[in-house]
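Trainee: Can you walk me through this one? I would like to start with the packing and then move on to the rest.

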Amino acid sequence: MNTSGPPNRRQPSESRWRRFLRDYRFEIIWAAVVALGLFLILERFSIRQTLRAWIATLMETSRGSIGRLADVVLRFLAATTLSDVIGFVLIAGALAAIVLRVRWRLLRSPQLALLKCPVCGSDLHRVHRRGLDHLINAFVPVRRYRCSNRECGWRGLRVGGGHGASHASTGTGRSVRDRNATR
Ligand SMILES: [Zn+2]
């Protein structure tokens, strides 16, 4: 006596652009942080060039007080280095966040975990991984498969490392949880 219908996930009234903004707002924000970091570094670079020209003229006009001038230069260098560090930290942090987000997306993708051929829908057989697959596997756990249909011949990677990992992401885990909830 199961009266629950198919999951209602489609929202055709929502525009594609708004949906993109909603789905990828995390990536958009971090891309903006990268841009801010680059802007900080590049902007500081032009400021530094201007200040360097000022210092050069200052040096010509006041040759007498070298000690004081050196002090000014040292202070200036310390200040610009700090702003550069902030810029680099922003960029590195944002890039790391984007990389982790991509990994999270790949791990959660139900299409990439489903052990059915994406071309013809046949079952997949596991085959040995290649050199590049091991590299990808270090970032996100993957396995290589080929289509069981000889006429199709599809080969490719699916996400998921452990045994039964694909089952958990295709709904078995949820049904277990639902069963427990109704008890
Ligand atoms: Zn196939």
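Trainee: Where does helix H5 lie?
Mentor: Helix H5 (residues 131-139) lies across S2 and S3, and runs at about 135 degrees to S2. Axes are lines fitted to C-alpha atoms, for helices over the stretch in contact, and angles run from 0 to 180 degrees between N-to-C directions. Two residues are in contact if their C-beta atoms, placed from the backbone, lie within 7 Å. Helices (H or I, at least four residues) and strands (E, at least two) are DSSP runs, numbered from the N terminus.

Trainee: Is this predicted or what, and how are residues numbered?
Mentor: The model is predicted: local features need pLDDT of at least 70, side-chain atom pairs count only at pLDDT 80 or more, and totals for chains, interfaces and linings use all residues. Residues are numbered from 1 along each chain as its sequence is written.

Trainee: In what order do the strands sit in the sheet?
Mentor: The order is S1-S2-S3, in an open sheet with antiparallel pairing. Two strands pair if DSSP finds at least two bridges between them. Strand S1 (124-127) and strand S3 (155-159) are the edge strands, each pairing on one side only.

Trainee: How many bridges do S2 and S3 have?
Mentor: Strand S2 (residues 142-147) pairs with S3 over 5 bridges, in the antiparallel sense. Arg144 has Leu157 in S3 as its bridge partner.

Trainee: Other topic: what share of the residues is buried?
Mentor: Of the 183 residues in the protein, 7% are buried (20 or more other C-beta atoms within 10 Å of a residue's own, placed from the backbone).

How values were computed:
Buried ≥ 20, exposed ≤ 12 C-beta atoms within 10 Å, placed from the backbone.
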